[in-house]
Amino acid sequence: MTARLDEALRAQVGAVDERGTAKRHEPVVVDLLPAKGPKGPRLLLDDGRAYLRMNGNGYLGLATHPAVVWAEEQATRRYGSGPGAVRFISGTTREHVALEERLAAFHDRPAAIVFSAAYSAVVGTLAALTTPATAIVSDELNHNCIINGMRLAQPARKAVYPHLDLERLAAELDATTGVDRVLVVTDGVFSMRGDHAPLRELAELAAAHDHRFSDGVTLLVDDSHGVGALGETGRGTEELCNTRSGVLVATLGKALGVNGGYVVGSSALVDLLRETAPTYVYSNPITPGEAAAARAAVDVLDSEEGSALLANLQARTSQLREGITALGLETLPGRHPVVPLVVRDTARTRRLVTHLRDHGILATGLAYPVVPRGEDEIRFQVSASHTEADIAEVLEALATA
Ligand SMILES: Cc1ncc(COP(=O)(O)O)c(C=O)c1O
């Protein structure tokens, strides 16, 4: 690398710093401290202090569940720590196969396929499903993996509709002609706001236009934040909306507490993905230990214990939402454990994040371009491992801000 390129890179990073949106100063976790008395678990950071994590995606607290950790340990002892190759070369173990069977059964679908992350599941699926005669229609607030997936897929037509705007989506579908296949793509839960797509209405719109295209209109949902967090039994936005998508993608790395991503759908879909999804064919899978741990996590979710975890998650989420409103602060309505505190000002958001950290609470401030301009917020994420006292601690800290 030349010194001039190095200089140019330094200037690019400097521009990020000037905008005040730097992400690279990552807090370093050195230990996990178990729940004690009325308080839930804490993170010990390298500054020597213990913190309440209000910015984790582990909605059910399963990453430290004894059955999940035990399953990972046992599989790692049996198969070793890494997969050793991509799946079709020699990287498939019984654990990968068993996990896929469990995920297909959990979502009541014929088949499932596991990727190294939900990000690569979305990118690989969009690339594999998009032919030169495919149109993709996408919500403007969809996750970055969908945006980049569409870039790689290079559909014949690409349309983006305003967030949750069904009229504009219908108009985009009306305007779509000259293609064989249409994919309507949406996040199930939108991670920055905790709101969700009206999947029933989306499925109805897709069905209404289906006959106009030889391969029909397929609804593809990325419910990475929904599975394990929404619905009576944690089956996500589909369960909440009492409907189904044609292709469902989700992660193993949030509510399920492990790592990796997956797609469930028809056998033909999964066969095609195993043959052609580039992020599956050419990239290592999750480890055997992760596969075993993820299956154990699905088993916990799909049990009475899982129902109890979901109930506590709902109770703590309501406690935080109602507490924020009682303090006269702004949040968005909803049931999801992503609870935004809407601040609408970048500097104030940053000061609040610092105030919370000074009070032993880790929360993340979001500014443009992660959220639209003027919608700066602190994103709180509730977990079933939080206690009533933990949420009260957050509300007390906000009250003194
Ligand atoms: C909607 C959505 N899809 C995918 C991802 C990425 O998940 P993973 O970490 O499994 O790649 C995220 C995580 O932020 C997400 O919010």
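How far is an oxygen atom of the ligand from an N or O atom in the side chain of K254? The distance is 3.0 Å. The model is predicted, so local features need pLDDT of at least 70 and side-chain atom pairs count only at pLDDT 80 or more, while totals for chains, interfaces and linings use all residues. Residues are numbered from 1 along each chain as its sequence is written, and side-chain values use heavy atoms, with hydrogens and water left out.

**Ligand**

- Of the 13 residues around the ligand (a heavy atom within 4 Å), A118, Y119, D222, T251 and K254 come nearest.
- A backbone N or O atom of Y119 lies 2.9 Å from a ligand oxygen atom.
- A polar side-chain atom of T251 is 2.7 Å from an oxygen atom of the ligand.
- Taken alone, the ligand exposes 400 Å², and the protein buries 81% of that (Shrake-Rupley method, 1.4 Å probe).

**Residue T251**

- T251 belongs to strand β9, residues 247–251 (strands are DSSP runs of E, at least two residues, numbered from the N terminus).
- T251 counts as buried because its relative accessibility is 10% (buried means under 20%, with a 1.4 Å probe and protein chains only).
- The T251 side chain reaches the backbone nitrogen of G253 at 2.9 Å and the backbone oxygen of G260 at 3.0 Å.
- Leaving out residues up to four places away in sequence, T251 touches A118, S224, L256, G260, G261 and Y262 (contact means heavy atoms within 4.5 Å).

Technical notes
Helices (H or I, at least four residues) and strands (E, at least two) are DSSP runs, numbered from the N terminus. Buried means under 20% relative accessible area, exposed over 50%, partly exposed in between (1.4 Å probe, protein chains only). A polar contact is a pair of N or O atoms within 3.5 Å; within protein, one must be able to donate a hydrogen and the other to accept it, and residues adjacent in sequence count only if both atoms are side-chain atoms.
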